[in-house]
Amino acid sequence: MCAEQREETQHIRQPSATHNPLWVTVSLIISPNRTQHFTSVSLSLSCEDQSNSDRWRVRRYTDHRGLEDCSSSVWGSQTGSTCKISSTVPSNTGVYCCQSESGESYHPVNITVHIGVILESPVHPVTEGDTLTVHCLYPYTSPPNLRADFYKDGSLIQNQTTEMIISTVSKSHEGFYYCKHSERGESPKSWISVRMSHSESQISVLHTLSSVLAVCPYLLVTVVLIFKCCRMRVPSVEEE
């Protein structure tokens, strides 16, 4: 189900035409590229993999309607692997994901449709070391960028700016963010995820492997000693 998985990109093992294992990567692409959206605008959600196949379906989970297909609903229309919502309403708020032909769901994204102020933040997790930029938007001003206060996990982190920039993101920056304007109100909260960089992931894997290899000799010696002790006890028991 859409709400059960939380990875930004899912890797699915699929059989190829020659029955050899093949790893397929699928992502949910959202346009406009943010998790919060205004009402009465068009919204596009596409499930994409490296083969550009049309075998994916967009599904949505909401508390009041449960799990729904875009292709068999009144809120959107599906063409290939793309779901389009012509005019957003607050009830479009929910968890959207890609469903494979086998019925498994991948890559859930929380989407919020809000009447007033929204937070413009990344859909996908931000990589450690990268720059994070968020804006506070309001549909009835031109330009839509507001000079607002920005909050993380309920604490004020930056005030009266048109954008919040974190130049070097770390895991500590992960959390719930929202913005607040003194007259226009505040945006809903959005979770911003931070993932390890590729090099740090490799270091983590190597560290785990080295730890396992370091422990292996001790485990082997322990097993051998236990085996020898058991063999020594067997004759003594038979003699009794």
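Residues are numbered from 1 along each chain as its sequence is written, and side-chain values use heavy atoms, with hydrogens and water left out. In this predicted model, local features need pLDDT of at least 70 and side-chain atom pairs count only at pLDDT 80 or more, while totals for chains, interfaces and linings use all residues.

In soluble globular proteins, nonpolar side chains tend to be buried together. A nonpolar core is here a set of buried Ala, Val, Leu, Ile, Met, Phe, Trp, Tyr and Cys residues joined through side-chain atoms within 4.5 Å; buried means under 20% relative accessible area, exposed over 50%, and partly exposed in between (1.4 Å probe, protein chains only). The largest nonpolar core comprises 18 residues, and those with the most contacts inside it are Leu28, Ile30, Leu45, Cys47, Val58, Tyr96 and Ile111. At least two residues of this core come from each of strand 2 (21–31), strand 4 (43–49), strand 8 (82–85), strand 9 (94–99) and strand 10 (105–114). Helices (H or I, at least four residues) and strands (E, at least two) are DSSP runs, numbered from the N terminus.

Contact means heavy atoms within 4.5 Å. When residues up to four places away in sequence are not counted, Ile111 touches Ile30, Thr35, His37, Leu43, Leu45, Asn92, Thr93, Gly94 and Tyr96.

An open sheet of three strands has the order 11-13-16, with antiparallel pairing; two strands pair if DSSP finds at least two bridges between them. Strand 11 (118–120) and strand 16 (163–166) stand at the edges, each with a single partner strand, so one side of each is left without a neighbour in the sheet. Strand 11 is joined to strand 13 (residues 132–137) by three bridges, and the two run antiparallel. Within strand 13, Cys136 is the bridge partner of Leu119.

Two cis peptide bonds are described here. The bond from Ser31 to Pro32 is cis, with omega near 0°, and Pro32 is found in the loop between strand 2 and strand 3 (36–38). The bond from Ser142 to Pro143 is also cis, with omega near 0°; Pro143 is placed in the loop between strand 13 and strand 14 (148–152).

Ser40, although not a glycine, has a positive phi of about 60°. This residue is found in the loop between strand 3 and strand 4 and counts as exposed, at 57% relative accessibility. Gln160, likewise not a glycine, has a positive phi of about 50°. Gln160 is placed in strand 15 (residues 155–161) and counts as partly exposed, at 40% relative accessibility.
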